[in-house]
Amino acid sequence: MSDLVGQIERIREDALAAVAAARTTQELEDARVRFLGRKAELPNLLRGVADLPPQERGAVGKLANEVRSGADAAITARGAELELEELRERLEHDRVDVTLPGTPPAPIGRLHLLTATRREIEDVFCGLGFTVVEGPEVELVSYNFDALNHDPAHPARARTDTFYVEAPAGAPPRADEVLLRTHTSPMQTRAMQRQPPPIAIVVPGRVYRRDSDATHTPQFHQIEGLAVDEDITLADLKGTLLAFARAIFGDEREVRLRPHFFPFTEPSVEVDVSCFQCGGSGTRTPAHERCNLCKGTGWLEILGSGMVDPNVFAWVRDHGYDPERHQGFAFGMGIERIAMLKHGVPDLRLFYDNDVRFLRQFG
Ligand code: DAH
């Protein structure tokens with residue numbers, strides 16, 4: 001019997017040492033199979049207990065059971081420890097979460113100053129309830145001039161001023177000539193044909209004129225505005241443009257309207273904003289020299305505008321615009337001009353040279 005007890009005690013020592021020595025859950029599992037598995041020594045010994053004299057069976061059986069449950073408990077405890085360690089290791093290893101989106105590349109480049117300015121202007125008018133629409137750059141003479149009440153002898157119609165698009169050789173004669181639009185105003189008529197009153201739109205886009213010097217390029221950009229309803233007055237025009245001027249040039253600005261002439265507005269006005277460099281005084285402190293931006297006048301011209309001429313509404317009468325009932329205002333500004341004034345750009349051509357040293361200064 002002492003022999004059996006000795007064997008069981010040895011198994012206990014070996015088993016506990018093997019459990020303590022296990023470095024992985026797999027090694028622990030191997031130890032479990034080795035000491036407690038079906039073919040292991042201890043269960044075999046337990047089977048042999050039945051052959052012992054009856055008075056010895058109890059003590060040996062008890063000891064063997066103790067050793068088995070002791071080993072079992074040690075394995076469970078060590079197993080929990082190892083699982084925790086292995087989890088910690090896995091987490092450490094998998095610290096990179098491949099399910100996360102990658103690091104976006106650092107942004108390169110920026111918006112061109114003209115794009116940024118166009119968007120800034122659009123934002124202001126969107127905030128005032130206007131919608132942005134666009135129209136064709138290759139336009140019919142009827143939209144570019146006739147619908148806008150231009151006299152048949154208006155100088156802008158001349159081939160020396162405007163780019164006309166020639167019909168292909170042998171093409172049937174066209175009722176309407178085609179040109180590159182000289183302003184964004186033709187979209188006034190197109191938009192009113194598309195949508196009955198009330199309407200409030202701004203129209204950004206490229207326009208073309210046969211001009212080229214420090215203040216003119218053959219292609220440049222405008223933003224047109226049009227608001228029509230039954231009760232729109234010149235006061236609405238002034239309020240709208242004041243809000244625009246303040247948003248773009250600063251809260252302190254004032255606007256002034258000067259009488260002018262455009263074929264498609266009556267009355268027509270040119271709109272000035274008080275100079276943001278000298279605060280409208282025309283002089284610069286402290287030396288009291290003349291303000292170079294507004295040339296000492298205190299005002300900067302920013303756009304042309306007026307109340308829509310009833311003759312323009314007559315053109316879209318069939319689309320719900322009644323010259324007797326509807327009234328509205330329109331305006332048109334050069335985006336280059338706004339950007340030049342605001343950012344002190346001295347030469348229009350800088351916008352188109354694509355010199356990054358210039359472009360990098362903005363946006
Ligand atoms: N189309 C004019 C131009 O290019 C600008 C303009 C003036 C637009 C008065 C308007 C307006 O809508 O009412 O010079």
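Two strands count as paired if DSSP finds at least two bridges between them, and the elements themselves are DSSP runs numbered from the N terminus, with helices (H or I) of at least four residues and strands (E) of at least two. The model is a predicted one, in which local features need pLDDT of at least 70 and side-chain atom pairs count only at pLDDT 80 or more, while totals for chains, interfaces and linings use all residues. Residues are numbered from 1 along each chain as its sequence is written, and side-chain values use heavy atoms, with hydrogens and water left out.

With these terms in place, the bridge partner of Thr265 in E11 is Val308. The two strands concerned, E8 (residues 265-274) and E11 (residues 299-308), pair in the antiparallel sense over eight bridges. They belong to an open sheet of seven strands with mixed pairing, in the order E1-E5-E6-E12-E11-E8-E7. At its edges, strand E1 (131-132) and strand E7 (255-262) each pair on one side only. Helix H8 (residues 234-249) packs on this sheet and is in contact (heavy atoms within 4.5 Å) with E7, E8, E11 and strand E12 (327-334). The direction of H8 makes about 150 degrees with that of E11, where axes are lines fitted to C-alpha atoms, for helices over the stretch in contact, and angles run from 0 to 180 degrees between N-to-C directions.

An open sheet of three strands has the order E2-E4-E3, with antiparallel pairing. Its edge strands are E2 (138-140) and E3 (164-165); E2 is joined to E4 (residues 178-180) by three bridges, and Leu140 stands opposite Val178 in E4.

A nonpolar core is a set of buried Ala, Val, Leu, Ile, Met, Phe, Trp, Tyr and Cys residues joined through side-chain atoms within 4.5 Å, and buried means under 20% relative accessible area, exposed over 50%, and partly exposed in between (1.4 Å probe, protein chains only). The largest such core has 42 residues, of which Phe244, Ile302, Phe331, Met333 and Phe351 touch the most other members. H8 gives the most to this core, with six residues.
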